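Colleague: I have the file open and a few things to ask. Can we go through it in whatever order they come up?

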Amino acid sequence: MKDSEWLAKDDEALEHLLVERWLYRGALLAIMLIAAITSIYFGVHGIATLADMVSVGALLALALAAGAVAFVMRLADLRIHQELRRRRAPRP
């Protein structure tokens, strides 16, 4: 989301946006955990075939991509929080 899109919103809309993004990051965390658990499952039972190696590679790529997206989302959320704090700060 571009800065210009959320800068035009009011405080309440920004709070709703932050909650929505928090839920998305929770879903991304769930994806990372499922990928980790499945990779461990494959590791415990042994990676014997090419299909197993491809599956583990795809799971790890999925987990890394989800982590990168969550990190970038968090950086944008920090800017939104700073804007909310700036708006709510008492004006002299």
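Colleague: Is Asp 11 buried, partly exposed or exposed?

Modeller: Before anything else, this is a predicted model. Asp 11 comes out as partly exposed, because its relative accessibility is 26% and the buried class stops under 20%.

Colleague: Which residue does Asp 11 form a salt bridge with?

Modeller: Arg 87, with the closest N and O atoms 3.2 Å apart. The two sit in distant parts of the chain, 76 residues apart, with Asp 11 in helix α2 and Arg 87 in helix α3.

Colleague: What else meets Arg 87 in a salt bridge?

Modeller: Glu 83 does, at 2.9 Å from N to O. Glu 83 and Arg 87 are both in helix α3 and four residues apart, about one turn of the helix. In general, an α-helix has 3.6 residues a turn, so residues three or four places apart point the same way.

Colleague: Glu 83, then: buried or exposed?

Modeller: Buried, because its relative accessible area is 12%.

Colleague: Which residues are linked in that network of salt bridges?

Modeller: Asp 11, Glu 83, Arg 86 and Arg 87.

Colleague: And how many salt bridges in the whole structure?

Modeller: Six. Another one of them joins the side chains of Asp 77 and Arg 25, at 2.0 Å from N to O. That pair also links distant parts of the chain, Asp 77 in helix α3 and Arg 25 in helix α2, 52 residues apart.

Colleague: Are Asp 77 and Arg 25 buried or exposed?

Modeller: Both are buried.

Colleague: Why does Arg 25 count as buried?

Modeller: Its relative accessibility is 16%, and the class covers anything under 20%. Setting aside residues up to four places away in sequence, Arg 25 touches Ala 70, Met 73, Arg 74 and Asp 77.

Colleague: Changing topic. How many residues does α3 have, and how far does it reach?

Modeller: α3 has 39 residues and spans 57 Å from its first C-alpha to its last, close to the 57 Å expected at 1.5 Å a residue. It runs over residues 50–88.

Colleague: What do the buried residues of α3 pack against?

Modeller: α1, which is residues 3–7, and α2. Those buried residues include Asp 52, Val 56, Leu 59, Ala 63 and Ala 66. Looking from the other helix, the cover over the buried residues of α2 includes α1 and α3. Among the buried residues of α2 are Leu 28, Ala 35 and Phe 42, and also Arg 21.

Colleague: Which residues make up the largest nonpolar core?

Modeller: There are six: Trp 6, Leu 14, Leu 17, Leu 18, Ile 80 and Leu 84. As a general point, nonpolar side chains in soluble globular proteins tend to be buried together.

Colleague: What does Leu 18 touch?

Modeller: Asp 77, Ile 80, His 81 and Leu 84, leaving out residues up to four places away in sequence. Apart from that core lies another, of five residues, and among them are Ala 35, Phe 42, Val 56 and Ala 63.

Colleague: What about Ser 39, where is it?

Modeller: In helix α2. Ser 39 is buried, because its relative accessible area is 14%. Beyond its neighbours within four places in sequence, Ser 39 contacts Val 56, Leu 59 and Leu 60.

Colleague: How far apart are Ser 39 and Ser 55?

Modeller: 8.3 Å in space, C-alpha to C-alpha, and 16 residues in sequence. Ser 55 is in helix α3. At 29% relative accessibility, Ser 55 counts as partly exposed.

Colleague: Last one: which residues make the nonpolar surface patch?

Modeller: Ile 47, Leu 50, Met 53 and Val 54, which together make a patch of about 410 Å². Met 53 is in helix α3.

Definitions and conventions
Residues are numbered from 1 along each chain as its sequence is written. This is a predicted model: local features need pLDDT of at least 70, side-chain atom pairs count only at pLDDT 80 or more; totals for chains, interfaces and linings use all residues. Side-chain values use heavy atoms; hydrogens and water are left out. Patches are made of residues with over 30% relative accessible area and no salt bridge: like charges are joined within 9 Å, nonpolar side chains (Val, Leu, Ile, Met, Phe, Trp, Tyr) within 5 Å. Accessible areas come from the Shrake-Rupley method with a 1.4 Å probe; for residues, only the protein chains shown count as cover. A salt bridge is a side-chain nitrogen of Lys or Arg within 4 Å of a carboxyl oxygen of Asp or Glu. Buried means under 20% relative accessible area, exposed over 50%, partly exposed in between (1.4 Å probe, protein chains only). Contact means heavy atoms within 4.5 Å. The expected span of a helix is 1.5 Å times one less than its number of residues. A nonpolar core is a set of buried Ala, Val, Leu, Ile, Met, Phe, Trp, Tyr and Cys residues joined through side-chain atoms within 4.5 Å.
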